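This report is intended for a reader meeting the structure for the first time.

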Amino acid sequence: MTSKRSIIIFWALFLVPTLIISGIAFRLLSHEQERINRAAIQALSERAKTISETIHITVEAVQENLTQSLLDIDQDNLQKTLLVWEETNPLVRNVFIYQKDRELEYPVRGMESTLEERRFITRYDSLFSGRMKFDFNEDLSKDESKTKGVTESSRQKLVALSRVVQKAPVSDQQALFPAESEQSFIEKSGWIPWFSENRLHILGWVQKIGNGPVYGIELELMALLSRLVVDFPELPEKKVALLLMDGNGYFMHQSGKMTVDPKERPRAVISISNLLPHWQIGVFVDKKGFGSTRGFLYVSVILLGVFIIAIVSGGVLLTRMTLQNMKDARQKTSFVSSVSHELKTPLTSIRMYAELLLSKRIKDANKIQTYLSVIVSESERLTRLINNVLAFGKLEQGKKTYHLTIFEMDRLLDQMIQSHSIRIENQGIEIILQIEEGNYKVKTDRDAIEQVILNLVDNALKYADKGKFIKFVLEKDKSFILLKICDDGPGIPKAQQEMIFEKFHRVDNSLTTKQPGSGLGLSIARQILRDLEGDLFFEPMPGSGSCFTARIKHHESD
Amino acid sequence: MSCLIRERKKSELSDQGKKKEAVQELKQSAARLKQVGSQYNDKELLKEADELEVQADTIEDRGMSPKSRKVLRTESFQMKNQQLSQ
Amino acid sequence: MTHSKRYQHRTIISFFTVLIVFILMAGGVQAGIEPSKVICRVETDRAILPAGDSQNVVLKITLDAPPSPAHIKRPLVNLALVLDQSGSMSGTKIQQAKAAAIEAAIEALTRLGLQDIFSVVVYDTNVHTIVPAQRAGNIQSIINTIQQIRAGGSTALFGGVSQGASEIRKKLESDYVHRIILLSDGLANVGPRMPEDLGRLGAALIKENISVTTVGVGTDYNEDLMTRLAQKSDGNTYFVESGFDLPRIFAAELGDVLNVVAKKVKVTITLSDNVEAINIIGREGRIRENQIEFYMNQLYGDQEKYALVEVNIPKSTSGSRIKIAQVDVTYENPFSRKPEKSTGISYASFSSDSGKVARSTNIEVIREYQLNLNALAQEKAIELSDQGKKKE
């Protein structure tokens, strides 16, 4: 028992670290998954940044060019030129001319204007009514250009530089103190991101002459957006999306095939540009992760599973084998002792009777005869026993050779019963023989079959010695000859019925304690029959008793 | 329970919008077409008036269905644009 | 609805029309080769107006497009087909509609000439150009590509139209008739989706002479958005309940597109002194002081387009006659690629004889006026039925 427990403990010691290691491996794997996700989001964010930089540069360039074009307009033809712009340039939504301290010059207030123009006036009323200065956000943009200089990409710097060059004639002092002379060129300009009714509008304005009109355009954001989204790069990945979002979080454009719920929060957000305030690019990643890296996780989990299963089943197998070996060892020990016992009993008898005969004190010829026959029968028994042990050894090693001859089974059975009838009848057991009519020719090893029958008879005599009869039945199946050897002894409990054919097995009860035996007979008999393409099986007799059926291949069936 | 029914009724009403007024508007327009049509004995105007009346009745019965709305919107645009091909 | 009769080109000018038509022949010598010009007619609802107080008068400015000449090669077409392949409304019905759309598109394609430009853009969540702008000559490979369209994802309508426009732009400088045909059967849910936003996109596209024709399939699309886009870009709009009507629609639309006889049509109405603009009915235009302006991207052969304007005429005496307005039409002749000009002038006579006035009624002006008022009433009805509705 102690060894069994130690094996289980050993096994547990083996299993626990395995489980711990696999647990750690699993955690590492999911961390790895998380890391891959993070890396993907990082990569996507980088792409989003590139996109937003491109957008920023584009919008900036557009605004620069428009500002320059506005400044280039011939002041005498101002309104006409602006109207042509509005009619022909998709980027121009509205135009305006505003003269400080005077009414808005264009568009005019009232029914002269179109609905769009009236809404335009209302939208920028605080500017057009003079309540707010056009350059109210100048400080902001100046601050920006200072800080931006540090982090900007080289290309942006270049654009910024060109802007500075363009703006060179603009001096803050001039802006603060409007020049006295009417024709002083100040070339002030600016772009105003303007929120009205919760939507972004962009107004560009210039003032060329100190006391001159402020004029400019409202940018058509839809046209701008329409051009921008066309250049949005496509994402081939299925489980991700980059979404251009406006200030209200509405999706303006999507790249990537993932279906995004409008309520879903982006995993990362990149602001596009101060020129389009509150516009962002949202990075979305499917919660379940990406297809490719998912696959990695699955493969890893499967590998891990296989690994664990291999370890556990290996452990189980080892344990089982160890237990089996222990059992075998025990059985071998008991086999050796029982065989020794078996050998010792006839030897003792033989020695005793031989010594008696040698002392010549026995004069009675009958007695001498009896003693001699005991010696003969005991030595026969000894021979059988040794034959069995030898046969067992050969069978175990697979070295048993068979010499096939053709003979008649009924004949063999008759002969064997005759030669053993005395031994059987001496035990007070009746012999019943039933042979069906027919041909019982077989081609098999005669000695081996003899050994099988002998073993079965010995078995019956040993375990059914209180019985009244032993019955031999010979009959024919389709291609087999069936030899049944039955007794009316106590029979075999159901649970044991298959185990009796195992080597060294003995039905471990009161019966066998009285009856020494090797536990080899039935095992050898079955092994021999199977080697000869037959079989041996057990079936209980009705009432009590047992019946062994040997199946032997019919010769004619070949 | 009654609260729930009231809720449902309220939402039904709001889903319908100002259905009555809408039907009224269409019927008025149909009446005007009919009047002008008969004044100048213009078959096209009368036909249009009849068609509009049927449309108004349908909306009165079943409400402004997505289909009715699409028909109205498309027809009015095609009229304003003199879209021939349809 | 068969308005066709009503708009058919009329060559006879009714006797009661106080209208003089000037046809200014720019290259009059070549008249035999070049197609006839667009004719501009200006009519009032009554040829003779009652004398007396100032009054409101309806002016109908009609542009009669000449038939497309048979012996001159028609202007080339630059067509972008923008197809909705979103799968948000997946179901056999929609699948059938999509299949029908593809079939119809293929059928339409076969009507294009070898020199025409054609492109196909499909949109779902993303936008893909599956056939970049190319000559329609290579039709079989185009058809093969279109047949591989599969549905899935959301509806990026704005992106689709933008991409279609970008395909058109590849040939923008050339002398083509630019047209996007947009098919949609669902609600736009990626990109701007307010009707006003799409209207503004249309307004921006028409500045590049790109018109967008919108085709709504089924009852799930947003008709406000689709009509606004068509209206602002001077395209057509269609509503079909099932995909089976699509071949007819495509045929009709191509009938228009392949039949353009005037481009970049600008109508300027200059009102005489004391005549005041009151209102524009139906069409979108702008009133600027004493001028009213309209713009149409294209005129189709043998068709009539008109604008209705309500004006106020000053006091008058019986027997007098005044000039109400002069209408100048400038457009580009797509055959000769030269600018052309037509002019129409409207005069009004006054009489105190009410019988005379009544007899001078121009039923066509009245009819179109009434029908346009009806169109506005229909829009009003939609607006009313929308009021108080829960916001979605």
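## The sheet of chain A

In this predicted model, strand E11 (residues 430-435) and strand E13 (residues 469-476) of chain A pair in the parallel sense over six bridges. Strands are DSSP runs of E with at least two residues, helices are DSSP runs of H or I with at least four, and both are numbered from the N terminus. Two strands pair if DSSP finds at least two bridges between them. Within this pairing, Glu430(A) has Phe469(A) of E13(A) as its bridge partner. Strand E14 (residues 480-487) of chain A pairs with E16(A) in the antiparallel sense, over seven bridges, and Ile481(A) has Ile552(A) of E16(A) as its bridge partner.

These strands belong to an open sheet of five strands with mixed pairing, in the order E11-E13-E14-E16-E15 of chain A. E11 and E15 of chain A each have a single partner strand and stand at the edges, so one side of each is left without a neighbour in the sheet. Neighbouring strands are turned by 15° against each other on average, direction ignored. Strands of a sheet pair through backbone hydrogen bonds, either parallel or antiparallel.

Residues are numbered from 1 along each chain as its sequence is written, while chains are lettered from A and ligands numbered from 1 in the order in which they are written. Because the model is predicted, local features need pLDDT of at least 70 and side-chain atom pairs count only at pLDDT 80 or more, whereas totals for chains, interfaces and linings use all residues.

## Burial and packing around the sheet

Of the six residues of E11(A), the number buried is zero, so this strand lies largely in the open. A residue is buried if 20 or more other C-beta atoms lie within 10 Å of its own, exposed if 12 or fewer, and partly exposed in between, with C-beta atoms placed from the backbone. Helix H14 (residues 521-531) of chain A, by contrast, is mostly covered, with nine of its 11 residues buried. Among them are Leu522(A), Ile524(A), Ile528(A) and Leu529(A). The buried residues of H14(A) pack against helix H10 (365-397), helix H12 (446-463), strand E15 (535-540) and strand E16 (546-553) of chain A. Just after H14(A), Glu533(A) takes a positive phi of about 65°.

Helix H11 (residues 409-426) of chain A lies across E11, E13, E14 and E16 of chain A and runs at about 175° to E13(A). H12(A) also packs on the sheet, touching E13, E14 and E16 of chain A, and its direction makes about 25° with that of E14(A). Angles run from 0 to 180 degrees between N-to-C directions, and axes are lines fitted to C-alpha atoms, for helices over the stretch in contact.

## Where chain A meets chain C

The contact between these chains takes 20 residues from chain C and 19 residues from chain A. Two residues are in contact if their C-beta atoms, placed from the backbone, lie within 7 Å. On the side of chain C, helix H4 (157-169) and H5 each supply at least two residues, and H4(C) gives the largest share, five residues.

Helix H8 (residues 221-230) of chain A and helix H5 (residues 195-206) of chain C pack at an angle of about 80°, with their axes 8 Å apart. They are therefore roughly perpendicular to each other; angles of 65 to 115 degrees count as such, those under 35 as roughly parallel, those over 145 as roughly antiparallel and the rest as oblique. Met222(A), Ala223(A) and Ser226(A) in H8(A) meet Asp197(C), Arg200(C), Leu201(C) and Ala204(C) in H5(C).

Chain B has four helices and zero strands, and 41% of its 86 residues are buried. Chain C has nine helices and 17 strands, and 52% of its 392 residues count as buried.

In the contact between the two, 48 residues of chain C touch 39 residues of chain B. H9(C) gives the largest share of the chain C side, 17 residues. Helix H2 (residues 19-39) of chain B packs with H9(C) at an angle of about 170°, with the axes 7 Å apart. That angle makes H2(B) roughly antiparallel to H9(C).
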